[in-house]
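Subject: Handover of a structure

Hello,

I am passing a structure on to you, and my notes follow it. Please look through the structure first and then read on.

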Amino acid sequence: MTIKIRALSLRAFRGYPGTKTFDFGKGSSLVLFGRNAHGKSSITDAFEFLLDEYGTLPRFGKKKGPTTSGPLPLRNIAATGPSSVAITYRSQTEDVPCVREVRESKSPMPEALIPLVRAAVVPFIVRGPELRAFVEQTPQRRYEEFARYLDASQLTVLQRDVRTVQMRLGQDENRDLDDRKKCEQQLKAATGGVITSWDEGKVAGWLSDLFKEADLPSLAHATESDPAIVELRLREANERSTTALQTLRDIVGEVSEATEDGPVAILAWRKGLANAKAAVAMAAASIAEAPIAEVLDAAHAYFADPAHSPDTCPVCESPFSASPHSSRAGVRQHIEDVRQRLQAYTNARARADEAAVALSDKVEGWRAKLVAAASACGIPLERFDMLVAAVVAVADFGETGALVDAAASLTNEIDEVMNTKTETSPGRYGTLLSRVSGVLTLGARIAEINSRICRRRRHLETIAKVRRHIDARVHEFFRSTVSAIAKRTIEFFASVQRYAPVIADIKVVMVDEDNENNRGIELLVDFDKEKDQKPNAYLSDSQQNTLALGLRLAIIRHFNVDLPFIVLDDVITSYDAEAKVATAQALVDQLRDIQLFVLTHDDTLWRQLRNYTRGDNWQYKRIVRFTLKDGPEYLDEIEDAAIIRAKIANGEDAAGLVRRYWDRWLRETGAQVGARPRMTRPEDPFNYNANDLFTNIVKILDSHGLAERKRNDARLIQAIRSIAPNELPNKAAHEAEPVDGAPSTGDLLALLDDYQKIVDLVKCHSCPKGPKFQLLNEHVVCAHCGNRLAIPTIPPSEGGSATV
Amino acid sequence: MELFGSPEDARRPAAAVSAEIDTGSSTAGPVRAGEVFDSLRNEILGLSDDPVVAILAGTLFGEGAKRWQAALTSIGALLAEQ
């Protein structure tokens, strides 16, 4: 499905207050000349607006803000009606018309535009000022852009994911390496600096030295199953068992040691309880001795008699003043005394309870130690029931007889078992085993880490293999794209640079394919002996511009396969005449399958494109005037004479145009009729003797029919004689204002009239395509229609025959 | 300034139909990114019998976000098993 642009219409849009329609027929290209600020780029803006998601220009922003204007400036300031852009494009066999209106807020994308938007994978508008940035862009950015245009996000995500897996596993390995390092540091510390990394042979040797000191056999292997280690464990168990029995014996002995008064420890535990109980008894006696009955009786009688004066003592019935209890304070003292005795009793009871609990705790604590020690020795707890009962009996009731016997019996049993054990230094093997176990544990941990690292490395190798495969395929995919784009870029650059004294080799290459962060598409130049240099280091401004233009065109052509349409908006700057000619020819020759919309303020480029494409499917337009009220005024006439007359009418200098107009006519007509100009400088094909060429053309035309007409046409002879191709000063072509010696406006118009007479003489009036003649049967005929040269009839005049 | 236009340009719907390229071979024909992606899965499975290959092919070519995490989890389980 190839899309062609058939028409574009701007209404009240940007620089156009009215409606301006460009009709491209079946898809012709267009070159439009317009000076700066004459409404040329409004057309570029129209395309940009049509394809924008929000219906604005990106540089305007979505809405009005501190640094953005929103879409409002798209509307022409002099217009009053609605503003819109209409486009008609041909897709397959039908024309699709579509209109998009400018709105203050988001303008929805018309459905009819969507196929066009989809076909525009990359923006097809190339603006001159952007080109330098395009060359100077980073390779990484180019790569990202390419990936997006290729719809290759799946592939780049796949590349990123496999790298992430690889990186994370690498991080896991680093953690394992750190752990191993820590283990080795611990190993070094545990071996007193002898072993710094796990080496089973070395560790076995070091352990053998330790074992020798402990009268143990040497090790063959530093493993738990080594006979020396097994022996060490047996000895350590024996040592631990002896120690446990000794502990058990001590615990039994703790309660059974006795004097005449009984078991020392338990009696000591009981002492607190006994004292507490004595205190309770004393407090109880004190309460018994207290005058509680008297106090209660006196109080009862006193308060029972309603007539009793409160001034009389309730104890001795005398006035308070005479009573030994003489006051209320005395009664209160009695009562307080009783209360304190009661409190003392209560306190004594509480302390007695605490002492009982403390005694119980002591007994229970001892019992717990006994249980632990018995368990450590593997002796059933039932064997200690009698002893425990005896201890409780002593504790609770002070009955000591059973305890001594039970303890003695158990102690004897323990002693008998202990006598069967090998004598050893307490803790000797335990300490050694602890040290050995620490080293072997570290060894096992290091071995486990090493094994994991080894397995992970195998996985990492596999992942690297997968990654390389994915990268190779993705890079192949990208490289083929880059290759296609590079080919076209290089062709365009070489074509434009054919007049340059030194032509650099251009490369468009992928770089750092394996480095995700630096992967990119690089532009490089080989300049003389300097290879693979950045373009801005060795290329001139115009060369960089050409390179950027070539790359941009190549990318658009590559990606927008369904939309062979490109807008070029003032894409050449700082170009000399030869480079402009070469650019025009390169654009036409290499983009024959592309519908071009060339906007330029460069007259040479416009003329070169017009001359080079004349007769092809091209349109040529010029903006000759611009006013706010009416907008751009177009001149669709392609004849130079009309353009020159419009310029002269506009008050603009046109001397250069007149000279070039005549030069071009001479060259083209001379080429068509076989007249060859004499080159004044062979290396410069545009610098010729115009007078000689004109004379040659007239001579040749004379031999094919012109002379016959001249014989009867004095005005024709005058016109031919009046032409003096070299009279117009060349310098006027480049001067904005007339200079001394430059022709006046009147002179220019007169000169143009003279030229026009000759042009009209050899113009084919049967077809509109201008002079294109060939010699046929000794007559000059029009190459387009085959008609013989038709010199128009000029009214009889001052006449007379004449010759040139 | 954007390389190929403005950020808004870049956000316009990408045309997958246009993302085909010439491989440079007259017989290979155009290749699309999706086709490369699809064929890569089978190519990777054919690289080796290593279970890690099967894990990568089974996770990284699937749906959803953070597919690498699923791959890492599976590889972690494989390491623990071994």
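Two strands count as paired if DSSP finds at least two bridges between them. With that in mind, please note that this is a predicted model, and that it scores ipTM 0.74 and pTM 0.56.

The sheet in chain A

Chain A holds an open sheet of 4 strands in the order S2-S1-S4-S5, with antiparallel pairing. Strand S2 (16–23) and strand S5 (94–101) of chain A each have a single partner strand and stand at the edges, so one side of each has no neighbour in the sheet. On average, neighbouring strands in this sheet are turned by 15° against each other, direction ignored. In general, the strands of a sheet pair through backbone hydrogen bonds, either parallel or antiparallel.

Strand S1 (residues 3–13) of chain A runs antiparallel to strand S4 (residues 84–91) of chain A, and 8 bridges join them. On that side, A:Ser9 has A:Ala86 in S4(A) as its bridge partner. S1(A) also pairs with S2(A) in the antiparallel sense, over 6 bridges. There, A:Leu8 stands opposite A:Phe22 in S2(A). S1(A) and S2(A) form a hairpin with 2 residues between them. In the turn, A:Arg14 has a positive phi of about 50°.

What lies across this sheet? Helix H1 (residues 41–51) of chain A lies across S1, S2, S4 and S5 of chain A. The helix runs at about 105° to S1(A).

One residue elsewhere in chain A

A:Gln590 has its place in helix H16 (residues 577–590) of chain A. A polar atom of the A:Gln590 side chain lies 3.3 Å from the backbone nitrogen of A:Phe492. Leaving out residues up to four places away in sequence, A:Gln590 touches A:Arg488, A:Glu491, A:Phe492, A:Ser495, A:Arg557 and A:Gln585.

Confidence in chain B

The average pLDDT of chain B is 68, and 61% of the residues score at least 70.

Regards

Note on methods: Residues are numbered from 1 along each chain as its sequence is written. Chains are lettered from A and ligands numbered from 1 in the order in which they are written. This is a predicted model: local features need pLDDT of at least 70, side-chain atom pairs count only at pLDDT 80 or more; totals for chains, interfaces and linings use all residues. Side-chain values use heavy atoms; hydrogens and water are left out. A polar contact is a pair of N or O atoms within 3.5 Å; within protein, one must be able to donate a hydrogen and the other to accept it, and residues adjacent in sequence count only if both atoms are side-chain atoms. Contact means heavy atoms within 4.5 Å. pLDDT is the predictor's confidence in each residue, from 0 to 100. Axes are lines fitted to C-alpha atoms, for helices over the stretch in contact, and angles run from 0 to 180 degrees between N-to-C directions.
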